[in-house]
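Here are my notes for a colleague who is new to this one. Have a look at the picture, then go through the points in order.

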Amino acid sequence: MNDLIGRVLDFKDRVFSAQSDLYARLATDGQSPKALMISCADSRVVPEHIMQAQPGDLFVCRNAGNIVPPFATMNGGVSSTVEYAVVVLGVRDIIVCGHSDCGAMKALGKEDVLKHVPNVAAWLRHSQAAHKVACDCYPTLEGPEFERAVAMENVVAQIAHLRTHPSVATAIAQGHLALHGWFFDIHAGTVQALNGETGRFQMVREGEPMPVALAHEVRRAADVELMVAAQ
């Protein structure tokens with residue numbers, strides 16, 4: 001048997017038994033995760049490890065390229081996960097997490113590679129804006145530095161897509177939801193977070209405020225007081 005698959009045989013005795021009270025509480029009370037994290041399916045990027053989360057802490061959606069397709073009436077797994085997390089679970093934070101050495105980002109623009117994986121190619125069309133921005137705005141970058149720029153711009157693009165989802169847009173307007181963009185460096189074990197005010201990624205450091213892409217704040221475009229006065 002595959003060694004990894006075989007580990008499930010002693011999960012109950014070693015892991016579950018050590019956290020039996022936590023699992024009992026989750027089984028009785030249900031889940032109330034603190035955040036939704038949308039990350040890449042890359043096996044080196046493990047959201048629960050990065051956030052040192054316990055069972056029940058984190059609602060997770062993983063896919064190639066940490067992509068969030070723009071809202072559409074056609075049902076999709078990512079859209080359903082986002083809607084469930086926001087409307088049913090009431091998460092107050094959504095994190096989109098990209099990472100270094102991302103295979104999906106490296107494949108963008110490489111038709112010779114993508115022609116062999118048509119489903120991946122179709123999925124990555126949701127990241128074409130990030131690739132275009134990187135090509136046009138970072139003309140001197142090459143290799144890993146260029147791929148890093150694509151991955152960071154992809155986080156920005158996916159956060160923009162998130163805001164097209166009605167459940168997300170409503171929760172943001174009500175001040176109930178904050179959005180975060182993170183970049184995980186596999187080599188260094190560090191996380192950079194998108195600062196929505198500067199539009200730049202900043203290193204997350206102990207003792208310093210956490211940069212936020214879009215903070216909790218009531219955001220209603222119409223001035224209600226003026227509308228009432230006009231009536």
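**Notes on the model**

1. Let's start at Lys 34, which counts as exposed at 57% relative accessibility. Exposed here means over 50% relative accessible area, buried under 20%, and partly exposed in between, with a 1.4 Å probe and protein chains only.

2. A word on what you're looking at: this is a predicted model, where local features need pLDDT of at least 70 and side-chain atom pairs count only at pLDDT 80 or more, while totals for chains, interfaces and linings use all residues. Residues are numbered from 1 along each chain as its sequence is written, and side-chain values use heavy atoms, with hydrogens and water left out.

3. What does Lys 34 meet in a salt bridge? Its partner is Asp 57, at 3.1 Å from N to O. A salt bridge is a side-chain nitrogen of Lys or Arg within 4 Å of a carboxyl oxygen of Asp or Glu. Lys 34 sits in the loop between helix 3 (20–29) and strand 1, and Asp 57 in the loop between helix 4 (47–50) and strand 2 (58–63), so this pair ties together parts that are 23 residues apart in sequence. Helices (H or I, at least four residues) and strands (E, at least two) are DSSP runs, numbered from the N terminus. Asp 57 is partly exposed, at 21% relative accessible area.

4. The structure holds 8 salt bridges, and some of them join up. Asp 42, Arg 44, Asp 101 and Lys 106 are linked in a network of salt bridges. Arg 44 pairs with Asp 42, with the closest N and O atoms 2.7 Å apart, and also with Asp 101, where the closest N and O atoms are 2.8 Å apart. As for cover, Asp 42 is buried at 15%, whereas Arg 44 is partly exposed at 39% and Asp 101 is partly exposed at 32%.

5. Asp 42 turns up again in the UniProt record: an unreviewed entry places the feature "binding site" at Cys 40, Asp 42, His 99 and Cys 102. These four span 63 residues in sequence, yet no two of their C-alpha atoms are more than 9.0 Å apart, so they gather at one spot. Do keep in mind that UniProt annotations may be inferred rather than shown by experiment; positions follow the numbering used here, and feature names are shortened.

6. Are Cys 40 and His 99 buried or exposed? Cys 40, in strand 1 (residues 35–40), is buried at 5% relative accessibility. His 99, in strand 3 (residues 93–99), is buried too, at 1%. Leaving aside residues up to four places away in sequence, Cys 40 touches several residues, including Arg 62, Cys 97, His 99 and Cys 102. With the neighbours within four places likewise set aside, the contacts of His 99 include Cys 40, Asp 42, Arg 44 and Phe 183. Contact means heavy atoms within 4.5 Å.
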